[in-house]
Amino acid sequence: AAFMLSAAHSCNGMKANGLKGFKQLKKSAIGHELSFRCLDLARSLISRNLMDYAMLLLEVAIECHVVSGEARSLLFKIRQLKKTADDTKIKAPNHK
């Protein structure tokens, strides 16, 4: 429950609360699972096309040193996908 609360804070832009929760979890019994849980949740969000939430979660997890280089790579890929999608929307012709 504490993980999901920290993740929810992170995904909703409540960065300070997300950081605080992840820092506490790092010291707890599930600290060794935290990287896996964050990556698993981020991938689940991505599969549901919730890229913004996945980005926010990964940014907080990276800042808190919870995740590895794999998370940085995933965040980079998400940003590239969003940029490509945004560029496509801008270039799309307007239909009436």
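Analyst: Happy to. Let's start with a cut-off: a residue is called buried when its relative accessible area is under 20%, and exposed when that area is over 50%. Please keep in mind that this is a predicted model.

User: What makes His 65 buried or exposed?

Analyst: His 65 has 62% relative accessibility. The cut-off for exposed is over 50%, so His 65 counts as exposed. His 65 also lies in the loop between H4 and H5, and its phi is positive, about 60°, although His 65 is not a glycine. Most residues other than glycine have a negative phi.

User: Which residue follows H3 with a positive phi?

Analyst: That is Asn 49, with phi near 60°, a positive value in a residue other than glycine. Asn 49 sits in the loop between H3 and H4. Its relative accessible area is 58%, and exposed means over 50%, so Asn 49 is exposed. H1 is followed by Gly 13, whose phi is positive too, near 80°.

User: How do you know how many disulfides there are?

Analyst: A search of the whole structure finds zero. A disulfide needs two cysteine sulfur atoms within 2.5 Å. For Cys 38, the nearest cysteine sulfur is that of Cys 64, 8.6 Å away, and Cys 38 is in no disulfide. Cys 64 is likewise in no disulfide, its nearest cysteine sulfur being that of Cys 38.

User: Are those two cysteines buried or exposed, and what makes them so?

Analyst: With a relative accessible area of 0%, Cys 38 is buried. Cys 64 is at 2%, so Cys 64 counts as buried as well.

User: What makes the buried residues of H3 line one face?

Analyst: The buried residues of H3 are Leu 34, Cys 38, Leu 39, Leu 41, Ala 42 and Leu 45. Seen down the axis of H3, they fall within an arc of 165°, so they line one face of the helix. On the other side of H3, Phe 36 and Ser 47 are exposed.

User: How do you know that the span of H3 agrees with what a helix should give?

Analyst: H3 has 14 residues, and at 1.5 Å a residue they should span 20 Å. The end C-alpha atoms of H3 are 20 Å apart, so the two values agree.

User: What makes Ser 10 buried or exposed?

Analyst: Ser 10 is in helix H1, and its relative accessible area is 1%. That value is under the cut-off of 20%, so Ser 10 is buried. Setting aside neighbours within four places in sequence, Ser 10 is in contact with Gly 18, Phe 22, Leu 56, Leu 57 and Val 60. Other buried residues in H1 include Phe 3, Ser 6 and Ala 7, and the buried residues of H1 pack against H2, H3 and H4.

User: Which residues have the most contacts inside the largest nonpolar core?

Analyst: They are Phe 3, Phe 22, Leu 57, Leu 58 and Val 66, in a core of 27 residues. Helices H1, H2, H3, H4 and H5 each give two or more residues to this core, and H4 gives the most, with eight. Phe 3, leaving aside its neighbours within four places, is in contact with residues including Phe 22, Leu 25, Ile 30 and Leu 41. In soluble globular proteins, nonpolar side chains tend to be buried together.

User: And how does the whole chain look?

Analyst: The chain has five helices and zero strands, in the pattern α-α-α-α-α. Buried residues make up 33% of its 96 residues. The accessible surface comes to about 6,400 Å², with 57% of that belonging to carbon and sulfur atoms.

How values were computed. Residues numbered from 1 in each chain as written. Predicted model: local features only at pLDDT ≥ 70, side-chain atom pairs only at ≥ 80, totals over all residues. Heavy atoms only, no water. Core = buried A, V, L, I, M, F, W, Y, C linked by side-chain atoms within 4.5 Å. Buried < 20%, exposed > 50% of the residue type's maximum accessible area, 1.4 Å probe, protein only. Helix = DSSP H or I, 4+ residues; strand = E, 2+ residues; numbered from the N terminus. Contact = heavy atoms within 4.5 Å. Areas by Shrake-Rupley, 256 points an atom, 1.4 Å probe, with all protein chains shown as cover. Expected span 1.5 Å × (residues − 1). Arc of directions from axis to C-beta.
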